[in-house]
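Good morning, colleagues. Please look at the model on the screen while I go through a core, a strand residue and a pair of helices.

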Amino acid sequence: MKKFIFFMIIFATIAGSVLSRDKIPCRINDRENPMLFMTLGNVKTSVAEGFFVPGKDLVVLKNGKEIPHYYRDKLGIKFFSPIDKTHFPLPPSGWCSWYFYYQEINAEEVLKNARWMAENLKEYGAKYIQIDDGWQGTGHGLGENRDWFTIDVRFRKPGMKAIASEIKSLGMKAGLWLAPHGESNAEIVKKFKNAFFLGPDGKSLSSTWEGTYLVKPSEEGRAYLKHLFNTLKSWGYDYFKIDGQPIVINEYKRLLGEKGVKLYRETLRAIRDTIGSDTYLLGCWGIPLEGAGIMNGSRTGGDIRSGWEGFLVAVDATMRWYFLHNIVWYADPDVILVRPPMNIDTARAWATLQGLTGQALMTSDMMYALPEQRVKLLKKIYPAVNITPMDLFPSSAYKKIWDLKVNHLGRQYDVVAVFNYKNKRDGEFLHFKDLGLKENALYHVFDFWAQEYLGAWKGGFYVEVPAQGVRVLTVMEEKPHPILISTSRHITQGWVDLKELKNDKNEIHGKSYIIKDDGYTLSFAYPGGKCHRLTSVKTTARTVVKNHGTWSEIIFYPEKSGEYTWDVKFERIPCYTYPVKKPSKIMSVYPTSTDEFLIRWWPLYSLTAGYNVYIDGKLLGYSPVAEAKIRISDLISPHKLEVKSVWYDGRESKKALSYTLKASTLFPDTIFLSDLDPYYASAGWGTLQKDLSMEGATITIGGNKYRKGLGTHAPSRIKYKIGGLFSRFKAIVGIDDETEGKGSVNFRVIGDGKVLWESGKMKAGETKNADVEIKDIKLLILEVTDGGDGKDYDHADWAEARLIKF
């Protein structure tokens, strides 16, 4: 075990040095490619618009244009400074007590979970055990609960110091939650004179969620904070989650004016000076940007909860604030939950979010009660690794495709997540050119969660995704020899475990760090559907070899954890080939968006590996099922769709199933926008709702209920590529009654960049009819802005929103 801990320290140091490079590939907007891009290692890609220099806060675009002070001025990060990774080369990974126990936590449960984490996830990179609200004061909620010098009766035995000591004896680090700028104990306030905001009568001038009393950013207040954190540090805690920080900032501004922000930062420096640079400091509650440069990390969204709705909170935080991660600080989209009754597909989606973004990774279930299937998900994503965003801008759209580009030991590959935010099965064509890959090259595709090789294909791959779930595909360019396509230890597939790799035609040499009882698997793919078999494996661990013709697996079962060298040899073998036949006929074609159509054809009775799909003679890609979604830009002209059956070696049926796709004939005279997917949709809170309000109720404006429509939240932009196919847009607009009379918004209809209609400022209870001519318009945007008083309660409805053809 000591060897493993030493290895992890060395690995973390090496991984942390990666971000010290001078240039980070970056994008500064989505343009026509609304995906989320990330990098791991020294990646070069055509999708990057340029590079970012952290030390200079400078973006340099491909055309040579420089954007100085990019984070400070363009993104509004006033106190920008590059993340200091000296003491924390990787984001924290561990366990938090809050989201299972809430304030009903006790010392026994903390230690039971800590022991389980040490036994089951420490070797996978988990390090921290963080005790959340409930250890302090008396009572629940507010009131006497904000007393940091009184220990709750549930923690008095064995005591906070003894708890931290046992956690450390397990090889873990102890963390603690508190809201340090607040206090509820009047005796403490009396003891630390001039350390809190008090009026002449001795009453508190600031009683908030943070506490009955608010620490004053004075010399005496800073002395109090130092005393508090000296006490907590003396107990043995090395990780502090400080909550309610935006409340503190706003109260300081209210009481002290604009200098309040500067003084707030001085209180943080007092905390930092006390705990030292080797103690992790996490800001919490919303996004306390004023702590940049002092905090090691920050929460970036609201509190999650178990289930799909909780997962979407983490998605929202990632979309809006991921650009800060590993550049300003370590972003924390809140904990991951995987426990039942959440369905396994959603748990897998949540694990994918954490694993592919590399954000702070804290789980918060009753760990010792988790089913083994859920534990395996966590083992595939621990620890958080040194992933950096390429997209250096916020987004309020929930992106379906997330692409992690990896360069490690000469292996360059993409780990691509395709999310389905719908409550029914859906499909998505993953076009390789959109990932910045070669348009005419063959690419191996491997399903990470299923641990299955899916073949080598050109153009793209049609992905079926379960409801409220995800598929994770590894995409790697084909070579004229066998290649290592995937490793099973971690979702990054080699970054954590693979130490050496050398390809020599039909031989591959490598070295992997393998955890005992993990069932570590290496998966190899062969060129262009040419069958091989793995003939020999040289290693000191027990192995099982499985040959599948177009790919092979080696599963390792070592007697102990450690580094294992392996050498494998392959030989070419004959492949069976079936003479695939032409698909028979089209079953259905219908629009899923204004510019996208779902085509289904009768699946072949006879054998086939799948289907190649062509539009106007150009290969779009491969579909393993008898359907595909086709997106076209010209909605007026007819398009020739062709489908050919294909075998694993790329051989196609001699004849194609042919269909003439004419968009104008596929839309009814009137179509509701809630029956279609927009090309792009953003919302100031949550995500676009179809035929529902933002809170999931029936759309209701001014007492009138509407069966059809779009529910969104200002600021919002919903885009449809309508290609000049429609003549009018109609809707009834207003603020949904669920706001109970609050909020104000402005609706706009924009066509090809020009405002075609505007509602003016609207308050709750008002309705207006939008009847807009959109003849010859190609890009239609439905926009909602706030009414000038902020975005709170701006639940905007486009009731009965519909397009009308000529």
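I begin with W135, which, neighbours within four places in sequence left aside, is in contact with W148, I151, D152, F155, M160, L176, W177, L178, L232 and W235; contact means heavy atoms within 4.5 Å. Apart from the core discussed next lies another one, of 56 residues, including F597, I615, A663 and F747. The largest nonpolar core has 151 residues, and Y71 and W135 touch the most other members. Such a core is a set of buried Ala, Val, Leu, Ile, Met, Phe, Trp, Tyr and Cys residues joined through side-chain atoms within 4.5 Å, where buried means under 20% relative accessible area with a 1.4 Å probe, protein chains only.

A word on provenance: this is a predicted model, in which local features need pLDDT of at least 70 and side-chain atom pairs count only at pLDDT 80 or more, while totals for chains, interfaces and linings use all residues. Residues are numbered from 1 along each chain as its sequence is written, and side-chain values use heavy atoms, with hydrogens and water left out.

Next, T521, found in strand β27, residues 520-525; strands are DSSP runs of E, at least two residues, and helices are runs of H or I, at least four, numbered from the N terminus. T521 is buried, its relative accessible area being 7%. A polar atom of its side chain lies 3.1 Å from the backbone oxygen of G519.

Finally, helices α4 (residues 107-120) and α5 (residues 160-169) pack at about 10°, their axes 10 Å apart.

Conventions. Buried < 20%, exposed > 50% of the residue type's maximum accessible area, 1.4 Å probe, protein only. Polar contact = N/O pair within 3.5 Å; in protein donor to acceptor, adjacent residues only side chain to side chain. Axes fitted to C-alpha atoms, helices over the stretch in contact; angles between N-to-C directions.
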